[in-house]
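Here are some notes on one helix and on a few backbone angles in the model. Please read them next to the coordinates.

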Amino acid sequence: MAPDSKSSNDLLIHNSLRSISYKRGSLQLLDQRKLPLETVNAIRNMVVRGVPAIAIAAAFSLAVEVANFKDFNGTSEEAASFIELKLEYLVSSRPTAVNLSDAAKRLIEITSNVASTSTMPESVFQAYIEAAEIMLDDDVASNKAIGSYGSRFLRDQQKIVPRFSVLTHCSTGSLATAGYGTALGVIRALHAEGVLERAYCTETRPFNQGSRLTAFELVHDKIPATLIADSAAAALMKESRVSAVIVGADRVAANGDTANKIGTYSLALCAMHHHIPFYVAAPLTSIDLYLSSGEEIVIEERSAKELLHSQGGLGEQVAASGILVWNPAFDVTPAYLITGIITEKGVITKNNDAFNIKDFVEKAAGKSTA
């Protein structure tokens, strides 16, 4: 998809830096590989970044496809099977992203239920489209709740701190979600309430999501911010310039172990050494209660080209030919390094040095705990 430059700018200006612009039957995705120097519309090749944004972009890409069907020659059951196969393929693009898998399961269940009661394939497709559109609104509302809960919790926990300086990692803002952001949403909330001293963002090598995307959002929103090299985080903390570290999450295990962009684990270790609280900000859909610990999380490896070439693999070669490369996309931060998990239903804290995430999730869903 290649809309003109005007529609590309609409994604940035009129939609407040949203990476996804959707109207029923059409979808525009901001090619985040080109930011911050170009704004061009374009999952596997990282055109869209951020787990919530990936889930929504995947759902909408299929919504556009079925909305534009001229003639589907099949039963309602075949329509539901078509959607299921498409969603399973999209999930395979990002196995670490539990949000994508969770969204696919919910959409498959909805369309299967409609197929069981209707003989019209159009009814199945219509139900899918409407469910996908609800996901967009829900994600924005969820992010704003995360920001509100996170800001309030930080102010309550650190009452002697009049203004906060927060360090974040990777991309967790409007460009990584449907809007507002998770970890960056907390920073936005602190700024809106007048208690943010400064946001620090890491460059987040090798794909530089921090320097290209997070820094871009912070500058756009006129939030006081400073970019640092990934390797400068410990020195920044030693100088007492960080009040808290807040990161996002690709997947959170039942015990609180958290998979996130590579480098997160290092930040957590540095934060503990310097007695700085370390928070994960993520919607409840990022929690996978079927995983007992982070050791069960499958870590994807990215292309060696991202390290061998500049611009995260998009530029010229900068490394010696013949060198071997290990390039994991994520690492797992153990729960003992995490102070709290900020969600849209509140902040999950520890009891006797351990998280009881299952109990929190069940209470948030209105279920009684066995």
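1. Helix α7 is mostly covered, with nine of its 12 residues buried. This is a predicted model. The buried set consists of Q209, G210, R212, L213, T214, A215, F216, E217 and L218.

2. After α7 comes K222, whose phi is positive, near 55 degrees.

3. The loop between β4 (196–202) and α7 holds P206. The peptide bond leading from R205 into P206 is cis, and its omega is near 5 degrees. Most peptide bonds are trans, and most residues other than glycine have a negative phi.

4. N208 is found in the loop between β4 and α7. N208 is not a glycine, yet its phi is positive, about 60 degrees. Is N208 buried or exposed? The relative accessible area of N208 is 14%, so N208 is buried.

5. Q311 lies elsewhere, in the loop between α10 (305–308) and β11 (330–333). Q311 also has a positive phi without being a glycine, at about 55 degrees. Its relative accessible area is 58%, so Q311 is exposed.

6. For a check of backbone geometry, the entries to look at include the cis bond from R205 to P206, the positive phi of N208, the positive phi of K222 and the positive phi of Q311.

Notes
Residues are numbered from 1 along each chain as its sequence is written. This is a predicted model: local features need pLDDT of at least 70, side-chain atom pairs count only at pLDDT 80 or more; totals for chains, interfaces and linings use all residues. Side-chain values use heavy atoms; hydrogens and water are left out. Buried means under 20% relative accessible area, exposed over 50%, partly exposed in between (1.4 Å probe, protein chains only). Helices (H or I, at least four residues) and strands (E, at least two) are DSSP runs, numbered from the N terminus.
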